[in-house]
Amino acid sequence: MSTHSAKVVRHWCYGIPVPFTAKKISGNEVRVPDPVPGEAAVISRYGKERAIVLHPADFNRLNELEQLVAAAAALEPIALSEEAIRAHVEEGTPGEPITDPAVLAELFG
Amino acid sequence: MHPPLGHCYWAVAPFAPTAPFRMYQEGAAPKDVASAESFTEAARKGMSEFVLLTSVKTRPVLVITGVLPEHEEVLALRLRRLEKLATDAARGLVRDGKDEALFYLQPERFPGLPVENAAIVTSLMRLPLSAIDRRTSLGSLNENEVRVLHERVARAHELKLDVMIVEKARRLLETAQSGTAQPARRRPRT
């Protein structure tokens with residue numbers, strides 16, 4: 001039997017970037033309907049959906065759409081200016097702390 | 001804005017400890033520890049908690065979240081006085097909102113700040129409420145400014161929100177298709 005798995009796209013049900021796995025099975029091993037573009041063949045058993053067969057072009061289009069939407073939702077990083085970098089460093093670096101006990105007593109009792 | 005979200009307050013803001021670390025010792029002068037690796041080695045021996053001498057600065061901060069009710073904490077940003085920027089051109093860029101990492105605080109809405117300031121978008125810090133003097137708000141952002149600032153913080157830190165956004169859009173689409181739109185539930189915040 002010829003099977004092959006490839007990581008294709010994120011899996012929606014996890015809500016996090018977990019790759020969606022495409023499992024390839026030789027056409028000699030199973031009997032499947034001949035899908036046509038734009039049509040989804042829903043395979044059911046005991047009244048429950050078991051699988052959906054798509055034409056490869058539709059599957060690829062869905063992958064591309066998902067990737068496109070994910071790319072559109074990705075945040076564009078901010079380019080930090082020299083001033084912003086300097087502000088971050090200087091305001092995040094301690095200066096000369098007040099440690100004189102007399103001054104501290106005057107300030108805080 | 002519902003305080004403290006979007007408001008500016010005086011706070012006791014710590015500087016993050018960096019190497020060499022100044023460690024407090026009972027009855028002795030502070031001990032300098034050169035690197036974080038020494039702490040890791042100590043932790044492997046089962047000793048992981050110490051007292052470091054950390055500098056703090058009393059300064060205005062801009063609170064950018066509500067209070068986490070479970071922890072009594074907020075996230076806040078440090079401020080930068082515009083007079084500290086090197087050139088008039090740099091100040092102009094900040095005032096015009098063109099320097100995305102320095103968020104301009106409109107002086108008319110921050111009457112408690114004596115000079116023009118900008119929030120440093122990359123200076124995110126967690127502050128307990130007890131470190132913030134909330135008696136007087138020095139001024140506040142409006143709701144739209146808070147949204148813009150949140151977006152800039154997320155972008156500056158390159159937070160990976162794409163899947164969340166796409167998933168939310170998908171759920172909204174499903175809800176719209178099923179005709180059972182319901183308002184999102186929100187955790188109460190103070």
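What percentage of the 190 residues of chain B count as buried? In this predicted model, the share of buried residues in chain B is 24%.

**Confidence**

The mean pLDDT of chain B is 92, and 94% of its residues reach 70 or more. For the model, the scores are ipTM 0.82 and pTM 0.74.

**Chain B as a whole**

Chain B contains 4 helices and 10 strands, and when these elements are read from the N terminus on, their order is β-β-β-α-β-β-α-β-β-β-β-β-α-α. The C-alpha atoms of the chain fill a box of roughly 70 × 45 × 35 Å along the principal axes. Its radius of gyration is 21 Å, whereas a compact globule of 190 residues would have a value near 16 Å. If we turn to the contacts within chain B that have a separation of 6 or more, 70% of them are made by residues 24 or more positions apart.

**One helix, α3(B)**

The helix α3(B) has 14 residues, and at 1.5 Å a residue these should span 20 Å; the end C-alpha atoms are 20 Å apart, which agrees with that expectation. Which residues of α3(B) are buried? They are Arg152(B), Val153(B) and Ala156(B). Seen down the axis of α3(B), the buried residues fall within an arc of 100°, so they line one face of the helix. The face turned away from this buried side carries the exposed residues Glu143(B), Asn144(B) and Arg147(B). Among what covers the buried residues of α3(B) is the strand β6 (102–105) of chain B.

**Backbone features of chain B**

After α3(B) comes Glu158(B), a residue whose phi is positive, near 50°, although Glu158(B) is not a glycine. Its place is in the loop between α3 (143–156) and α4 (162–178) of chain B. Is Glu158(B) buried or exposed? Glu158(B) is exposed, because 12 other C-beta atoms lie within 10 Å, and a residue counts as exposed with 12 or fewer.

Glu72(B) also has a positive phi without being a glycine, here of about 55°, and Glu72(B) lies in the loop between β4 (56–63) and β5 (73–81) of chain B. With 11 other C-beta atoms within 10 Å, Glu72(B) is exposed.

| Cis peptide bond | Omega |
|---|---|
| Pro3(B) to Pro4(B) | near 5° |
| Ala19(B) to Pro20(B) | about -5° |

Pro4(B) is placed in the segment before β1 (7–14) of chain B, while Pro20(B) is found in the loop between β1 and β2 (21–25) of chain B.

**Where chain B touches chain A**

How many residues does each chain give to the contact? The contact takes 27 residues from chain B and 23 residues from chain A. On the side of chain B that touches chain A, β5, α3 and α4 of chain B each supply at least two residues, and α4(B) gives the most, with 5 residues. By kind, the residues on this side of chain B divide into 15 nonpolar, 3 polar and 9 charged.

**A residue of chain A**

In chain A, His55(A) is found in the loop between β4 (48–53) and α1 (56–73). With 16 other C-beta atoms within 10 Å, His55(A) is partly exposed. If residues up to four places away in sequence are not counted, His55(A) touches Pro35(A), Val36(A) and Pro37(A). How far apart are the C-alpha atoms of His55(A) and Asp100(A)? These residues are 45 residues apart along the chain, and their C-alpha atoms are separated by 79 Å.

Methods. Residues are numbered from 1 along each chain as its sequence is written. Chains are lettered from A and ligands numbered from 1 in the order in which they are written. This is a predicted model: local features need pLDDT of at least 70, side-chain atom pairs count only at pLDDT 80 or more; totals for chains, interfaces and linings use all residues. A residue is buried if 20 or more other C-beta atoms lie within 10 Å of its own, exposed if 12 or fewer, and partly exposed in between; C-beta atoms are placed from the backbone. Two residues are in contact if their C-beta atoms, placed from the backbone, lie within 7 Å. Ala, Val, Leu, Ile, Met, Phe, Trp, Tyr, Cys and Pro count as nonpolar, Asp, Glu, Lys and Arg as charged, and the others, Gly among them, as polar. The radius of gyration is taken over C-alpha atoms; the globule rule is 2.2 Å times the number of residues to the power 0.38. The expected span of a helix is 1.5 Å times one less than its number of residues. The arc is that of the directions from the helix axis to the C-beta atoms. pLDDT is the predictor's confidence in each residue, from 0 to 100.
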